[in-house]
Structures are given as structure tokens and as C-alpha cells.
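Have the sequence and the 3D view ready, and follow along.

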Amino acid sequence: MPRSPPTSAPPLPPDGRGLLLATWALAIGGLLLARLLSLVEPSGLLAGNLGGVAALLFVLLADRRLRARGEGWESVGAPFLGPGAGRDWSVVGRGALQGLLCCALIFPPFIAAFAGFTALLPRLPPGLAAVLSPYLGAPAFSFRLPDALLLTAVLQLLVVALPEELFYRGWLQTAWARLAPERGVTVLGARLGHGFFATQALFAAGHLVSGQPWRLATFFPGLLFGWLRARTGSVVAPVVAHALSNLLLLTLERSFYP
């Protein structure tokens, strides 16, 4: 008898919001636990490698969810990852260029805003200033680059920006948008899907593990990184913009508070 052709399995339904939030909570809870343990770990090894712990949690948990759905990283804007990934380096080059161009537009007004903010801080009530920033005293500008600039740049790119963008803008933003594909808004050519703002809010809330309330301000660059992900269809541009933004902030902090 003729054999019927094999049928492909139907696509899995989108991961529910509860699963998305639980995965985020597991990542942040694991990082918080590592931070608390670092306070009593005598060698200081854990305290000095919390960034690596965060990177592992973000990548492994997102990868676990993708594997559970039978998907690869290409489904969330990272086609250059995974054992069977097609290495189209033109995508990486194009995304890097898009990230650089975005930074060229955004950085000048940000530098001006940072200078104005640091000038305003000494005029604020001390309690309010302590909530808004870690900077103490009046700024005194003297241009300085971060110490060990090359190593710092590599760490910001591979240990901070890449894992965070894979988790938040790659996996979480994509998975949340799937819950209601008919919802969203278009902003400057980018379709910002369902859960776009919630993703950036979780990105900011995750930074509270540091115990520093001003880290909630990361919500705003998160909007930029999420927009770049939607506009370019890849995580490369937001990874580049994220790493360069962190390097710029480190440079401004050293230059205004030498």
C-alpha cells in the first residue's frame, strides 16, 4: 500500500505571559542570589565575575526556551548563533553599521543632556540627588577614557551587551509580540509589537539587583535598543549601540568626576 507523506508537526502556540515572566524572574533571581553570595564569599572571585554569571543566565535560559519550542536563535534575530546557524556575516556588518549610525545621531544630544544633568545635581536636595545618580559634588570636566579601554570594550560587547540583548530584545521582545501579533504601533519605520514597553520595563527592573535606584533609567536606552531590534530585524544593531552607550557613559563619568 502507498505510504502517506509525513506531516510536519503543527507550530507550537506562543509561550504564555506567565512563562515569560517566570523565565525573567528565574534569571534575575539567580543573579540576585549570586550577588548575595558574593557578599560572604571570601575570595572575591564571585563578586568580580557577577557580569559573567548574568551573561550565562541570560543566554542559557533563553536558549532553553528556544530549544523547548524547536527553534533556533535565528528566529529571534540572531542567525549567527547556534551549531547549525548560517553565518551570513553581511548581516552582522550591516547591523553594526546601523548601530554606529544610530549612536552618531543620539550621542551628541545625550552628552549635552549629561552635562546639564551633572550641573543641576548639586542644586537638588541631597536625598533626591542620591536617588537619581551616584555622582557626588560638583562636576569638573577633564576628558579621560576608561582604564584598560580595549579590555573594557570587549567585556562591554561580549559579556554585557550581547547576552542582555539576546535575552531581552532577542528572545523576550519577540516572544511577547507573538502573544498578540495583531497589536502594536509603528514608530519611524519600526513595528513595535505587543509587550514592547513591558520588555523594556523588565530590562530596567532587572538592573535593580545592583541596589541602585537610578539604574531604572535604563528603561530609556532600552526603548532605543528595542526600536533598533524591530527596525533592523536583528539584534546586531542593538548590541553595538548598547556596548557603545555603556562605553560612552563610562567615559563621561570619568571625565566629569575625575
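## Helix H7

Which residues in H7 are buried? They are Gly-222, Phe-225, Gly-226, Trp-227, Leu-228 and Arg-229, where buried means under 20% relative accessible area with a 1.4 Å probe, counting protein chains only. Helices here are DSSP runs of H or I with at least four residues, strands are runs of E with at least two, and both are numbered from the N terminus.

What do those buried residues pack against? Their partners are helices H3 (89-120), H5, H6 (196-206) and H8 (236-256), plus strands S1 (184-187) and S2 (190-193); contact means heavy atoms within 4.5 Å. Just after H7, Gly-233 has a positive phi of about 75°.

## How far can we trust it?

This is a predicted model: local features need pLDDT of at least 70, side-chain atom pairs count only at pLDDT 80 or more, and totals for chains, interfaces and linings use all residues. Residues are numbered from 1 along each chain as its sequence is written, and side-chain values use heavy atoms, leaving out hydrogens and water.

pLDDT is the predictor's confidence in each residue, from 0 to 100. The protein's mean is 92, with 93% of its residues at 70 or more. Confidence is lowest in helix H4 (residues 126-132), at a mean of 91, and highest in H6, at 98.

## Checking a length

Helix H7 covers residues 219-232, so its 14 residues should span 20 Å at 1.5 Å a residue; the expected span is 1.5 Å times one less than the number of residues. The end C-alpha atoms are 20 Å apart, which agrees.

Definitions and conventions. Buried < 20%, exposed > 50% of the residue type's maximum accessible area, 1.4 Å probe, protein only.
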